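Hi everyone, thanks for coming. I'd like to walk you through a structure I've been looking at, and I'll take it slowly for those of you who are new to this.

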Amino acid sequence: MGLKIWVFAEADGDKPASATLELLTKAREIGETVEAVYVGANADALAGALGDYGASKVYAIDPGGRLPGVIGAAALAELLPANSPDIVLFAQSYDGRDAISLLSAKLDKPVLTNGFTIRLDGDKVIIGTQIFGGNTLVDAEFEGEAPYLAAIRPKSFAAEPGGGAPATVETVPTPDAGRAGEAKVLDHHVEEREGPKLEEAVVVVSGGRGLGSAENYGPLVDDLAKLLHGASGASRAIVDAGWVPYAKQVGQTGKTVKPKLYVAIGISGATQHMVGMKGSDNIIANNKDGEAPIYGIPDLGVVGDATKVVPKLIEALKARS
Amino acid sequence: MNVVVCVKQIPDPATPGKLNADSNTLERAGKLILDESDSFGVEMALQLVDKAGGGEVTLVSMAPNDEVSGLRTALAMGAAKAILVSDPALAGSDSLTTAKVIAKSVERAGDIDLVLTATESTDGYTGTIPGQVAGLLDWPALTFAKEVEIADGTVKIQRQTEAGYDVVEASLPAVVSVTAGVVEPRYPSFKGIMAAKNKPVDKVTAADLGLDASEVGWSGARQQIVSVEKAPERQAGEKIEDDGSAYEQIVAYLEKLKVI
Ligand SMILES: Cc1cc2nc3c(=O)[nH]c(=O)nc-3n(C[C@H](O)[C@H](O)[C@H](O)COP(=O)(O)OP(=O)(O)OC[C@H]3O[C@@H](n4cnc5c(N)ncnc54)[C@H](O)[C@@H]3O)c2cc1C
Ligand SMILES: Cc1cc2nc3c(=O)[nH]c(=O)nc-3n(C[C@H](O)[C@H](O)[C@H](O)COP(=O)(O)OP(=O)(O)OC[C@H]3O[C@@H](n4cnc5c(N)ncnc54)[C@H](O)[C@@H]3O)c2cc1C
């Protein structure tokens, strides 16, 4: 009999988050029945896309001013016994991590996290992870009884619509989350962002410590990203130094990106950075040190001073537009 | 106010990581150090206790071979005492088992208002311990905090989100995970380092915490590594030296990719 797979769905505005669509696409490939569990507003607006990517049904829960992961874990704990999915997939995201960890404690079930592949071997479910900055691949399998709980890093799978009908929406009453449910969300702050999201951009231009100073980030990295209709990213070194916010960090402890083109400027190429970008279709690197580890991967490597190379490039691009 | 800070002692991340050939788990035999991610929790706890005008900071760590070097660093920063859980039976523990050990240690620490952790450790980075510990204790979990305030028996945080941050509040006791950079960790002073040598470290085993050996470590883990491989390497392409005209080749490459 085919597998029943549940996906803990998250929203990005009034659309499903891209990580959710990636999980649904994968679930559709390995499972027979795919259903979503969604905690948040506007489930009806999401049902079309959730169905298109593979969910036949979505259990919709109003968070009631609570954290989605907290309410999600409580709801899942109630829903699982009666519905017995084989696998529950979460994105390795803020709310996905809350949900999987609280649920793990509630059900006394182990978790596999930071997955980037899922495969079946007979009736075994195997989750692959990349460790040591991505230079080693580890496969682990669940033992014991289903449901198996796994968290998957965003951008591990391509999201592809399957043409399914809109998911039927089944509203589930907000569960009592016990003391965990005491955490109330009082306010949302949205920080301004120009251009595409880092994880969704077709072009990503990232800068590192080799930019020399925080002041160079705007004219070198942001401006180039803008001209290429892309998003700007960063190495951890300059996030930790306070040059740019954490949201821009690419790598093991930041975002994974897989754009059509990744441009690395003044980045040395530590494994922990490269694990977040080496899946890009094409890579250009600029570093003044021709021996920098980053030169192990780019399709085009430009050895030279970023403060000389990049302004000329920007000028040339401006002249064209 | 009494705060527990969970601190992980890890192999130095500057040296390349290695898996034990027999068990496929991280090699932890050498000297361990305080996970830098936890230095933020320690600093935050010291500041919160200071602001509250009383109470103390207790460290909780699960680590092999009675390892204390990382604990000493955090004690030197100013924590009052530590609970160290070290037991060969705990080798191979998965994150849920680790969370059980930590939750039991928090109970052992006595009257605690707040548990602080990092959002994820540097070596295992499952990022599930904060939620699992909160779940086991049945306390609220306030995760990914980039600011923490305590007032009148409640904790209020700014919780990092994809779009910005949310303000989240709960009553104490609670578990809070703090992001790197929330506060500037102090350097231990010489006096602090000397004082740390005599601060109490309560060394306990799984059994002392009421955990059965069959539930923890290898016997407790319900997942198994089935293969370990080298990742395929990406092939580098052309490499040019900038002679003042490299930008032209970049433009040509961008044209070829049709991104301009
Ligand atoms: C557990 C862990 C997790 C981590 N997670 C991440 C992560 O998610 N993301 C991440 O990025 N890092 C991460 N790191 C940090 C990582 O190991 C590196 O320290 C970091 O990526 C280095 O950033 P950088 O390349 O900007 O700086 P550096 O390593 O200092 O490199 C700067 C580079 O700039 C070059 N340069 C200098 N001047 C110029 C110039 N004028 N023009 C051109 N080039 C110049 C130099 O040759 C050098 O190669 C992690 C580390 C650990 C231990
Ligand atoms: C590469 C790698 C991948 C792994 N993947 C998995 C997996 O998918 N599933 C799984 O169940 N286990 C996994 N493990 C095992 C897991 O790392 C251990 O069980 C570990 O003891 C706890 O998890 P963590 O460090 O990942 O915790 P995290 O949740 O990342 O840690 C968050 C915070 O909790 C606190 N904390 C964590 N551990 C301790 C400790 N020992 N003492 C005190 N405070 C602590 C610290 O404040 C830490 O910053 C993995 C281990 C490695 C090395």
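**Two chains and the pairs between them**

Asp299(A) is partly exposed, with a relative accessible area of 23%. Keep in mind that we're looking at a predicted model. What does Asp299(A) pair with? Its side chain meets that of Arg234(B) in a salt bridge, 3.0 Å from N to O. This pair crosses between chains: Arg234(B) sits in the loop between E12 and E13 of chain B, and Asp299(A) in the loop between E16 and E17 of chain A. Salt bridges that share partners also join Asp95(A), Asp98(A) and Arg159(B) into one network.

A bit of background here: side chains of opposite charge can pair when their charged atoms come close.

Here's another pair. Lys255(A) and Glu162(B) form a salt bridge through their side chains, at 3.6 Å from N to O. This one crosses between chains too, going from the loop between helix H6 (236–240) and E15 of chain A to the loop between E8 and E9 of chain B. Buried or exposed, what is Lys255(A)? Lys255(A) counts as buried because its relative accessibility is 17%, and the cut-off for buried is under 20%. Glu162(B), at a relative accessible area of 44%, is partly exposed.

**The interface as a whole**

Let's zoom out. How many salt bridges are there between chain B and chain A? The count is nine, and over all chains it comes to 23. One of those between the chains links Arg222(B) with Asp108(A), where the closest N and O atoms are 3.6 Å apart. There are also 44 residue pairs in polar contact across the interface. Several elements of chain B each supply at least two residues to the side that touches chain A, including helix H3 (95–109), helix H4 (129–137) and strand E12 (223–230). Helix H7 (246–257) is on that list as well, and H7(B) gives the most, with nine residues.

The contact takes 78 residues from each side, that is, 78 from chain B and 78 from chain A. The two chains bury about 6800 Å² between them, with 54% of it on carbon and sulfur atoms. In chain B, the residues that lose the most area to chain A are Tyr125(B), Arg222(B) and Arg234(B), together 12% of what that side buries.

Now find strand E9 of chain A, residues 136–142. Seven of its seven residues are buried. Thr136(A), Val138(A), Ala140(A) and Phe142(A) point one way, while Leu137(A), Asp139(A) and Glu141(A) point the other way.

Which strands does E9(A) pair with? Within its own chain, E9(A) pairs with strand E8 (residues 124–131) in the antiparallel sense over six bridges, and Gln130(A) stands opposite Leu137(A). The hairpin of these two strands has four residues between them, and there Phe132(A) takes a positive phi near 50 degrees.

Let's stop at Asp139(A). Asp139(A) counts as buried because its relative accessibility is 12%. Its side chain meets Arg119(A) in a salt bridge of 2.8 Å, N to O. The partners are 20 residues apart in the chain, with Arg119(A) in strand E7 (residues 111–121). Arg119(A) is partly exposed, at a relative accessible area of 36%. Asp139(A) also touches residues of the other chain, among them Gln224(B), Ile225(B) and Val226(B).

**One more covered strand**

Last stop: strand E16 of chain A, residues 282–287, where six of six residues are buried. Asn282(A), Ile284(A) and Asn286(A) lie on one side, with Ile283(A), Ala285(A) and Asn287(A) on the other. E16(A) pairs with strand E15 (residues 261–265) of chain A in the parallel sense over five bridges, and Leu261(A) has Asn282(A) as its bridge partner. Four bridges join E16(A) to strand E17 (residues 300–303), also parallel. In E17(A), the partner of Asn286(A) is Val302(A).

That's my tour, so over to you.

Conventions
Residues numbered from 1 in each chain as written. Chains lettered and ligands numbered in written order. Predicted model: local features only at pLDDT ≥ 70, side-chain atom pairs only at ≥ 80, totals over all residues. Heavy atoms only, no water. Buried < 20%, exposed > 50% of the residue type's maximum accessible area, 1.4 Å probe, protein only. Contact = heavy atoms within 4.5 Å. Pairing = 2+ DSSP bridges. Buried area = accessible area lost by both parts, 1.4 Å probe. Salt bridge = Lys/Arg side-chain N within 4 Å of Asp/Glu carboxyl O. Polar contact = N/O pair within 3.5 Å; in protein donor to acceptor, adjacent residues only side chain to side chain. Lists of a residue's contacts leave out its neighbours within four places in sequence.
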